[in-house]
Amino acid sequence: MGLGVSLPALKRRSATPASRASRAAAAVVLAAGLALTGACGGGSGSGSGGDDITVGVLLPGGGASRFGQFDKPLMEKQLKRLCPHCPPAAVAATGEPAVQRQQLEAMITRGVDVLIVAAVDPEALQSSVQSAHQAGIPVIAYDRLAQGPISGYVTFDGATVGRLQGEALLKGMGTKADGRQIVMMNGATIDPNAGWFKRGALSVLKGKVDIGKSYDTVGWRPENAYVNMTGAIAALGAGNIDGVLAANDSLAGAVISALKASAVRPLPPVTGQDADLDAVQRIVQGDQYMTVYKPYKAAADAAVEMALALGRGESVDSIASTTVDSVTTKDIPAVLLPSVTVMADNIKNTLVKDGIYTIDQICTPKLRSACDKAGLTG
């Protein structure tokens, strides 16, 4: 629906000898391990019908990460479908804030027409987002709300994610829930989504459980979660932890490893997020209680639709369903998508049905018996 948001006119840029030289230098930066794909054109506006738009995509992880496995190929597929004559997307991935700033600046120099940015550190990227804005390049914040003059935002509703985790944790603890003790293993404070997830979870958990320990996990790094969970076990006692609210699947894996290393039996229910394959397999075998599945195709499709509209100088009112405010920008047109709780009994009707994983990918020979029990095989 329309939002009544007036988007600034976009500036088209023409290539000069100086800018071409700068772009050549930028290409060297991008080629140095920044996972760049895609290539030609962009920025000059040559051609017709809006089919010369070059989309730059910056992700906080590649390869085996959720962003490398799902978001990137889905965006590339949607771009090809909606704009078959557009150049392939220029994609760069890193988990380091300083490197991502370099990537964004290189994309500006390269002359992309529009950027989709999943910020590693939204605050640290603010000056680069401002530089893109000054160069006439609209920036769409993806998954995480970057600071600066953002033109659009696509993400999953973080309050819903946290609420689903909290509700599942209470369900997993059953009659043990009221007044029992949990540990919260939250995400990194530099990621605004981490606070969003935490607030959503607390909206369900407050007044129903005691939070024995709560940690903000630096860098979302599993090794930090492992250390924190080991400390929580030592402080609270191995038998006094009735559940763990882990903000995502990599943290959940570290939490479970720490519990096992401390010989905690039986394992308390542990939540997660992102539906990583390892996490799904842990759910099947009973080590992890749940994960939150975020249908990535809907997010990737919306981001590319926004990118093409902005690249053509059009409004995104028909794409955005609401607006959000960041600490620097008001009334950002936004798409906030729903998420789904995944437990052992609905893996087939969610992840398998949507083509995220096949039964064979989940049910390795080692897990065949557990998969039979979960109704995935047989």
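1. A disulfide is a pair of cysteine sulfur atoms within 2.5 Å. Cys363 and Cys371 form one, with their sulfur atoms 2.1 Å apart. The link is left-handed, at -100 degrees about the S-S bond. Both ends are buried (under 20% relative accessible area; exposed is over 50%, partly exposed in between; 1.4 Å probe, protein chains only). Cys363 has 1% relative accessibility, and Cys371 has 0%.

2. This is a predicted model: local features need pLDDT of at least 70, side-chain atom pairs count only at pLDDT 80 or more, and totals for chains, interfaces and linings use all residues. Residues are numbered from 1 along each chain as its sequence is written, and side-chain values use heavy atoms, with hydrogens and water left out.

3. How many disulfides are there by this rule? The count is 2. Cys83 is joined to Cys86, S to S 1.9 Å. The torsion about that S-S bond is about 65 degrees, so this disulfide is right-handed. Cys83 is buried at 1%; Cys86 is buried at 10%. Counting bonded cysteines along the chain, the pattern is 1-2, 3-4.

4. Now the sheet. Helices (H or I, at least four residues) and strands (E, at least two) are DSSP runs, numbered from the N terminus. Two strands pair if DSSP finds at least two bridges between them. Here 7 strands form an open, mixed sheet in the order 2-1-3-4-5-11-10. Strand 2 (90–93) and strand 10 (322–324) are the edges, each pairing on one side only.

5. Look at strand 5 (residues 152–156) and strand 11 (residues 332–337): they pair in the parallel sense over 4 bridges. Tyr153 has Ala334 in strand 11 as its bridge partner.
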